[in-house]
Structure formats: structure tokens, C-alpha cells
Amino acid sequence: MFTEISMTNFKSWRETGPVRMAPLTAFFGANSSGKSSLLQMLLLLKQTAESNDRNLVLKTGSIQPGYVNLGTPQEITFGDTTELTMRLGWNLDAQTELAIPIPGDTETMRIKKLRFETTILAEPQRIHVKSHSYNHSDKFLVDLTRQDNHRYRMRISVNGTEPPRPQGRPHVLMQPEKCYGFSPEAFLYYVDANYLSDLEFALEQQMRSLHYLGPLRDYPQRTYSWNGEKPTDVGLKGELAIHALLAGAEQSISPKSRGLYSRLMPRVAKCLVDLELAANFDIRRLADGGSLYQVWLKHQKESPETLLPDLGIGVSQVLPVLVLCYYVPVGSTIILEQPELHLHPSVQAGLADVFIDIIRRRNVQIIIESHSEHFLRRLQLRIAEQKLEPQDTALYFCAMENGKSELTPLEVNLFGEISNWPQDFFGDMTGDVVETVKAGYERKLEQARAL
């Protein structure tokens, strides 16, 4: 799970400061206030980590659809600056937990948390890594820094001690790979420094466990083709949501029924019922042994069955959100942009309950960018009801001030109250009500005078 992010000189952010990440993290604010940029930093690192080009410092975009398309590295720095910094903190799982040899000791240091920082020089002609580092509090540090002669110097400290270097080995070239990796020469600079590859793997594994669903989901299809493939997630636009449902499905025992059932199916179906979006949900194969499927639903128990595209846009837009939450492996992190899009206010509030269930039962971290007051109000209610702990949430308000983005952590107490509610957080609804009453009163006076 990500525990902290921060960045300097990234798009509209001059400096974010440390941003605490919780099991459920949400960013609110007006349009173009910098909310999406906070998510894009994570997606940029994920996109870079998944690139096959080890010499590419940052993969800011490509011809093929990607998580982000930000133009050139020079276009993502704040103002006229040429230097940007990105920082991450996260908890390691059992696969990536590190064992670091302690110099002069037979014991090893066990590391379950890591922090990473990379500083990029986006110069007009070329992009360079100025430095990147991994650390665990003050006990462990690996730092690779560019020198004035454009060579790189590496420094390692374990419990305040520098590991020994092989005797007679001169300074070697250590050009970093991507914005976080180490060259083969770097592994030879210190004795027993093979854990450098473990650091790379830990970051790449964290990025692999990060899944993203964009704000504009694909329009539902009348027929879906599935040939047995198992997707990693539901796709950037939710286009693989039905394929994900089918991936773990088992055919019904009854030869009469062509319905398919899996662990996902009852969970997703229950969510749709609880959100009052559908009374029944089923996926059926058109012909035995075929690869074509249709999604059938009932809006109410008394309603006739209808295909997914005929039920309304809201169901098809929220379906990928629900599938993704239950489909990704336990311990994953999900980024959702505007999951409430096209949903009735009551359903927007209901989504908060779904996400609370996900972070509790599946240990999945959810990071959200939203405009929904109803979603936030439900979180406040659940905190007041002691069904959600305040520390399990990290809620922020983004605003644009003097041409740069500013971040305000919302202070939520045990009673679900926000003590620092920003002015016009979700627009001036109270002002509109007052003005409506005034306008109505003036109009009634005019009608009375006319009589």
C-alpha cells in the first residue's frame, strides 16, 4: 500500500508537501485544480516501469494508448523550471520484503517499508536523471547522484556504515536505467550489493499492483466475444470488465442454463442490488461451445429482462468499477477517476459503502478523484457511526491559487465533522437557495402589483 506521495515542479504543482495516503484516499476540488496530476504522477511511474526500454528515463506518452499521455518531459515541469522531483513511500509485501546485509555483522536488516525519490532534469536537448534514492528511515540509504562531470556517484549506508568495496576496483560508470534503476556496473561497486536488484523489483512490483480505471468508460455492447483469456484488470476504459467476470467463471451444472457463475458474479450482482441499480444480473453464452456472450439484467423483480445497453448508461458505467474492486488481487491499489459519473446521488453515496467494504475485506487500497458531495457525506456518516475510522481515510481539497495548485488536508473528527470545510467546496448551493427565494419573492410582488 502507498503510504505517502509528494512531488516538486510537476505540472501545476510547485510543491505538494508530503501527502499521506490511507486505505481510502480521495481528492476533491474544482476542475483544473490539479487533482488528476496527483494521480498522473503514479501512473507516469507505472507506465515507465512497464516500458521495455531501459534507457528511457520517463515514458510520458506513446503512440499506443497508455495510462497517461503528457507530451514531452519538458512539458510536465512547472512553469519554466527544468527540474522535477517525484517521491513515493509504500509498504512491502512478503514477496518484496528486503534482507540487507549489515557490514561487519552476520545479521541482516529486514525492511518492510521503503521510500523512493527521483529528480529529473528535463533539459531542452535531453532528459537526465539528476539523482534517485531508496531509503528506510535513517537505517538504510542507497543514493545515485549525477556529478559535475556528468558521471554518477553511488553511496550506500546500512546502519550508518558504508559497505566495503572490492579492492583495486576503480570508479566505474553507473549510468542509471530508467529513473529508478541501476546499471550492471553499479552492482560491482560494493561488496554484496545484489539487493540493488531487489530495490528495483520492489518498486516495479508496487507499480504492477497499481490498477487504473479512467473517468470515461466504454459504451456497453450487445454481444461480447471471449475466448478464455484472463485480463490483468478491466482495461483503462472498463472495456474488459465482462471478460474479467468470465475469466473465473464456471459453467452451470444444468445443461439447460447457459448462465455463468464465478466468485465475482454474486459479489457484483449483490452490489448492483444494494445500489438499487438492478434486481438481477446474468451473463449467458449464446450457443454451447461458442465464444459470444450477452449480459442480461432486470431493473426490478417485476421488470422484464433486458440487455445491458438497454438498461441505462449508469449501470454500464459503474459495472467496471465494481468488477475492478473485486477482481484485482488482495493487497492491490486502485486509482479511480470520477467513479460517480452518470450515477444518481443516492448511488454515489452507496459507492462509499462499497469502497469501505473493499478496503476492509480485501485489503485493497482505493485512490479516488471525485466531484461528489454525496460520496463525501456518506464517508462522514460512516465515521460518525464508527463504521469507518478517520485514520483509514485521507481526504484532500485541491485549489488553484496564483497559477499553482494548493492542497488542503480535510480535518475529519470522530463525529464525522470537517473542521476546515473550504469555502464553496462544492459550489455555492446555499447562495443559490437564498437567491432563489429572493427571486421568487420579487416575482410574487410583481404579480401582486399587476393585479
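Q: Which residue has a side chain that meets the side chain of E97 in a salt bridge?
A: The structure is a predicted model, in which local features need pLDDT of at least 70 and side-chain atom pairs count only at pLDDT 80 or more, while totals for chains, interfaces and linings use all residues. Residues are numbered from 1 along each chain as its sequence is written, and side-chain values use heavy atoms, with hydrogens and water left out. A salt bridge is a side-chain nitrogen of Lys or Arg within 4 Å of a carboxyl oxygen of Asp or Glu. At 3.2 Å from N to O, the residue whose side chain meets that of E97 in this way is R110.

Q: In which strand does R110, the partner of E97, lie?
A: Helices (H or I, at least four residues) and strands (E, at least two) are DSSP runs, numbered from the N terminus. E97 sits in the loop between β5 (83-91) and β6 (98-101), and the pair, 13 residues apart, links distant parts of the chain. The strand that holds R110 is β7 (residues 108-111).

Q: What relative accessible area does R110 have?
A: A residue is called buried under 20% relative accessible area, exposed over 50% and partly exposed in between, using a 1.4 Å probe and protein chains only. E97 counts as partly exposed because its relative accessibility is 25%. R110 is also placed in the partly exposed class, and its relative accessible area is 48%.

Q: How many residues apart in sequence are the parts tied together by E4 and R115?
A: The side chains of E4 and R115 meet in a salt bridge, at 3.2 Å from N to O. E4 belongs to strand β1 (residues 2-10) and R115 to strand β8 (residues 113-122), so the parts that the pair ties together are separated in sequence by 111 residues.

Q: Why are R377 and E373 separated by about one helical turn?
A: The side chains of R377 and E373 meet in a salt bridge, with 3.3 Å from N to O. R377 has 41% relative accessibility and therefore counts as partly exposed. The separation is about one helical turn because R377 and E373 are 4 residues apart in helix α7 (residues 373-384).

Q: How many salt bridges does a search of the whole structure find?
A: Some salt bridges share partners, and in this way D353, R378, R382, E385 and K387 are joined into one network. When the whole structure is searched, the number of salt bridges found is 21.

Q: Which residues are in contact with L88 once its neighbours within four places in sequence are left aside?
A: Contact means that heavy atoms lie within 4.5 Å. Leaving those neighbours aside, the residues in contact with L88 are F2, E4, I5, M41, L42, L45, L114, R115, F116 and M207.

Q: How far apart are the C-alpha atoms of E117 and R87?
A: E117 is located in strand β8, and a relative accessible area of 28% makes this residue partly exposed. Apart from its neighbours within four places in sequence, E117 has contacts that include R87 and H132. Although E117 and R87 are 30 residues apart along the chain, the separation of their C-alpha atoms is 4.3 Å.

Q: Is T119 buried or exposed?
A: T119 is found in strand β8, and among its contacts beyond four places in sequence are L84 and V129. Its relative accessibility is 5%, so T119 counts as buried.

Q: How far apart in space are N31 and C398, C-alpha to C-alpha?
A: N31 is placed in the loop between β4 (24-29) and α1, and at 62% relative accessibility N31 counts as exposed. Along the sequence N31 and C398 are 367 residues apart, while in space the distance is 9.4 Å.

Q: What percentage of the residues of the protein chain count as buried?
A: The protein chain has 8 helices and 22 strands, and its C-alpha trace spans about 95 × 70 × 45 Å along its principal axes. Of its 451 residues, the share that count as buried is 51%.
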